[in-house]
Amino acid sequence: MDLVLAEDTRVTRKLFSHYDIHTPLRAFHQHNEHQSAAQLAIDLQEEKSYALVSDAGTPGISDPAYLLVKACLDQGVEVECLPGATAFVPALVKSGLPTSSFCFEGFLPQKKGRQTKLKTLENEPRTMVFYESPYRVIKTLEQFITTFGVDRKASVSRELTKIFEETVNGTLAEILEYYQKHTIKGEFVIIVAGKN
């Protein structure tokens, strides 16, 4: 590759250092992707090869990439995708909830539009998949109880494929009670049963 685009160059630099990789790194994340994507796609028309990596999971799944992929395709630049770890797939499987049909919601809006989004999901029949930060897990579970009810089946997984991996299954009320009593760390995937 001529260049590697990384969500956090400090994280990727550790990997590069371990494997003695000296390819130039450039930051590409949610704060600069709007400004960078179009120019990067133009640069790629000049027979260059760039790679995009993320800190965890597959780029483009609740990580920067969508705008870059779209810009590349708009410019006629070929895009290749290598399969990689995606947290929601093992979380969905471990939930024990129906997997034949589900909707991936990713991160809910932090403030504006959050309640409106939850309202649109109130009667969703499919299993729902959400990502959440450790700082908002309790608040999100409380909002889910308000929207979906205390007895709605759910599953919360954190730190998937890592040493402290954990999955808690039960009703939303049971899961909230568990996390009110335990330390909240790591990346979270919340799976909520659809409405019967």
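**Notes on surface and burial**

1. Leu15, Tyr19 and Ile21 together make up a nonpolar patch on the surface, with about 310 Å² of accessible area (Shrake-Rupley method, 1.4 Å probe, only the protein chains shown counting as cover; patch members have over 30% relative accessible area and no salt bridge, with nonpolar side chains joined within 5 Å; a salt bridge is a side-chain nitrogen of Lys or Arg within 4 Å of a carboxyl oxygen of Asp or Glu).

2. This is a predicted model, in which local features need pLDDT of at least 70 and side-chain atom pairs count only at pLDDT 80 or more, while totals for chains, interfaces and linings use all residues. Residues are numbered from 1 along each chain as its sequence is written, and side-chain values use heavy atoms, leaving out hydrogens and water.

3. Ile21 lies in the loop between helix 1 (9–18) and strand 2 (helices are DSSP runs of H or I with at least four residues, strands runs of E with at least two). Ile21 counts as partly exposed because its relative accessibility is 35%, between the limits for buried (under 20%) and exposed (over 50%).

4. In helix 2 (residues 33–44), the buried residues are Glu33, Ser36, Ala37, Leu40, Ala41, Asp43 and Leu44. Viewed down the axis, these buried residues fall within an arc of 155 degrees (taken from the directions from the helix axis to the C-beta atoms), so they line one face of helix 2. The face turned away from that buried side carries the exposed His34 and Gln35.

5. Ser54, in the loop between strand 3 (50–53) and helix 3 (66–74), is buried at a relative accessible area of 17%. Apart from neighbours within four places in sequence, Ser54 is in contact (heavy atoms within 4.5 Å) with Glu7, Pro59 and Asp63.

How values were computed:
Buried means under 20% relative accessible area, exposed over 50%, partly exposed in between (1.4 Å probe, protein chains only). Patches are made of residues with over 30% relative accessible area and no salt bridge: like charges are joined within 9 Å, nonpolar side chains (Val, Leu, Ile, Met, Phe, Trp, Tyr) within 5 Å.
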